[in-house]
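Q: Could you take me on a close look at one part of this model, starting with its charged side chains and working inwards from there? I would like to see how the pieces connect.

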Amino acid sequence: MNENEKIIEKFYTSFKNSDPKGMIECYHDEIEFSDPAFPLLKGKQAKAMWAFLCQRKADPNDRSFEKISANEKTGSA
């Protein structure tokens with residue numbers, strides 16, 4: 001597993017365990033995040049989103065992931 005794959009694994013393992021601190025550690029300070037529910041969040045806003053979402057009680061089985069792959073420019077799970 002390369003370093004970028006390890007970061008992806010840490011991020012999603014932290015999400016599964018409702019650990020926003022672990023997720024935020026995976027983000028660059030200048031992160032830009034966008035999806036239909038949270039359009040274009042930057043930096044601290046993107047990090048705060050994960051803290052907010054992890055407050056919800058969720059079944060860890062609903063936050064599963066698999067097939068991690070990454071290179072120097074892209075990654076997925």
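A: Happy to! Let's start at Lys 21, which is exposed, with a relative accessible area of 59%. Keep in mind that this is a predicted model, with an average pLDDT of 89 for the protein and 94% of the residues scoring at least 70.

The side chain of Lys 21 meets that of Glu 25 in a salt bridge, with N and O 3.1 Å apart. Lys 10 belongs to this picture too: salt bridges with shared partners join Lys 10, Lys 21 and Glu 25 into one network. The link between Lys 10 and Glu 25 has an N to O distance of 2.6 Å. Because Lys 10 sits in helix 1 while Glu 25 lies in the loop between helix 2 (20-24) and strand 1 (32-33), this pair ties together parts that are 15 residues apart in sequence. Glu 25 is partly exposed at 46% relative accessible area, and Lys 10 is also partly exposed, at 35%.

Glu 3 is exposed, with a relative accessible area of 55%, whereas Lys 6 counts as partly exposed at 40%.

Glu 5 is buried yet has no salt bridge, and Lys 6, the nearest side chain of opposite charge, is 8.5 Å away. Leaving aside residues up to four places away in sequence, Glu 5 touches Ile 68, Ser 69 and Ala 70.

Now let's follow helix 1 to its aromatic residues. A search of the whole structure finds six aromatic pairs. One of them is Phe 11 with Tyr 27, a stacked pair at 5.6 Å centre to centre with 20° between the planes. This pair links distant parts of the chain, since Phe 11 is in helix 1 and Tyr 27 in the loop between helix 2 and strand 1, 16 residues apart. Both Phe 11 and Tyr 27 are buried. Phe 11 also pairs with Trp 50, this time edge-to-face, at 5.4 Å centre to centre and 85° between the planes. Here the partners are 39 residues apart, with Phe 11 in helix 1 and Trp 50 in helix 3. Phe 11 counts as buried at 9% relative accessibility, and Trp 50 likewise at 10%. Ring pairs gather Phe 11, Tyr 12, Phe 15, Tyr 27, Phe 33, Trp 50 and Phe 65 into a cluster.

Methods: Residues are numbered from 1 along each chain as its sequence is written. This is a predicted model: local features need pLDDT of at least 70, side-chain atom pairs count only at pLDDT 80 or more; totals for chains, interfaces and linings use all residues. Side-chain values use heavy atoms; hydrogens and water are left out. pLDDT is the predictor's confidence in each residue, from 0 to 100. Buried means under 20% relative accessible area, exposed over 50%, partly exposed in between (1.4 Å probe, protein chains only). A salt bridge is a side-chain nitrogen of Lys or Arg within 4 Å of a carboxyl oxygen of Asp or Glu. Helices (H or I, at least four residues) and strands (E, at least two) are DSSP runs, numbered from the N terminus. Lys and Arg count as positive and Asp and Glu as negative; His and the chain ends are not counted. Contact means heavy atoms within 4.5 Å. Rings of Phe, Tyr and Trp (its six-membered ring) pair if their centres lie within 6.5 Å; planes under 30 degrees apart count as stacked, over 60 as edge-to-face and the rest as tilted.
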